[in-house]
Amino acid sequence: MSDPRADSAPFPQSPVVPATLEGLAPLTFRCRKGIACWNACCSNIDIALTPVDIVRLKQHLGLASWDFLKDYTVPYEMEKDGLAGVKLRPVDGGSACRFMTAEGCSVYDDRPTACRYYPVALLAMRKQDEAFDRQYYAIVREAHCLGHAEPRTQTIDAYRAEQGVVAYDEAARGWRQLILKKKSSGPTIGKPSKRSLELFFMTCYDVDRFRAFVASEAFAGVFDLPDEELRAALVDDLALLQFGFRFLRQVLFGETTIALRSDSVEQRRARMAEQRARVEREAAERLARDDDEGGAFVDL
Ligand code: SF4
Ligand code: SF4
């Protein structure tokens, strides 16, 4: 039976049922091996990855984050000229997931958040006048997915717990908050610089490169992070991600989340004064040279 609410969908082709649901809403659905549509969902993918998904998958595959990004993902723009996201790259020349096998998902224990949620979609929202985000859900009904006809009903919250998505959401909350804050603050924050967009990408998706950056002398020269906090941040990928979200609040929104070294502030001032003096000296020298060359030209 077709869903009567589908007629009011803003985008008639969209499989997302236009209703915003809370966690206690019922979900009638079951996916099971042997169902006639087995693997249909994994044959045509469009899966955005969270930073937590990337950590779990690159650990599962035993890859460094940069190798995982290069081989298994494609970047995309989450908003025009804004923050970038990362999607799972399908098989060469096709749309199927590279992890799909006849038996099912070959990375099942570490499958991405979107795969765990399906056929539920997470809608994280933040109102312009609110400082916190809210989590709602929507149901995705695609014609090929027969799981909706299976006689099993539970709440969305129970389904989330069953699919192990609660811990994933919690670990990725800081990342979603950065995106929501960027989107809801609009022009007041302005367009982030190319450098801060690069830092966002490295921090959120390329965790092994971010680790090297945090452990570098350059980082220690600018940020005054107690050794204990530094060690706790470097101890594992997920701890490093949490530190990264904190770091990005400073980079993107100017919040003071990590103290700056006072000597680095002074050093930066001294460097800027030195730079200004050099520019003025070079301009004066150029002027003097032009005067000399100008004289020679007249003489000829
Ligand atoms: S990661 Fe696994 S569940 Fe997700 S699309 Fe690929 S094969 Fe399917
Ligand atoms: S029931 Fe839906 S989620 Fe499960 S295999 Fe079929 S298409 Fe995929």
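What is the order of the strands in the open sheet of three strands?

1. Basis of the note. This is a predicted model, in which local features need pLDDT of at least 70 and side-chain atom pairs count only at pLDDT 80 or more, while totals for chains, interfaces and linings use all residues. Residues are numbered from 1 along each chain as its sequence is written, and chains are lettered from A and ligands numbered from 1 in the order in which they are written.

2. The sheet. The order is β2-β4-β3, with antiparallel pairing; strands (E, at least two residues) and helices (H or I, at least four) are DSSP runs numbered from the N terminus, and two strands pair if DSSP finds at least two bridges between them. The edges are taken by β2 (48-49) and β3 (73-77), each with a single partner strand, so one side of each has no neighbour in the sheet. Two bridges join β2 and β4 in the antiparallel sense, and L49 stands opposite V86 in β4.

3. The nonpolar cores. A nonpolar core is a set of buried Ala, Val, Leu, Ile, Met, Phe, Trp, Tyr and Cys residues joined through C-beta atoms within 7 Å. A residue is buried if 20 or more other C-beta atoms lie within 10 Å of its own, exposed if 12 or fewer, and partly exposed in between, with C-beta atoms placed from the backbone. The largest core has 33 residues, and V52, I54, L240, L241 and L248 have the most contacts inside it. Its largest share, eight residues, comes from α10. A second, separate core of 11 residues includes L27, F29, C115 and Y137.

4. Ligand 1. The residues around ligand 1 include C42, C97, C105, C115 and R111; a residue counts as near if its C-beta atom, placed from the backbone, lies within 6 Å. This shell has 10 nonpolar, no polar and one charged residues, where Ala, Val, Leu, Ile, Met, Phe, Trp, Tyr, Cys and Pro count as nonpolar, Asp, Glu, Lys and Arg as charged, and the others, Gly among them, as polar.

5. Ligand 2. Among the residues surrounding ligand 2 are C31, C37, N39, C41, Y118, H144 and C145. Its shell divides into nine nonpolar, three polar and no charged residues.

6. Backbone points to check. N39 has a positive phi of about 75 degrees although it is not a glycine. N39 lies in the loop between β1 (26-28) and β2. Y118 is joined to P119 by a cis peptide bond, with omega about 10 degrees, and P119 is placed in the loop between α3 (113-117) and β7 (120-125).
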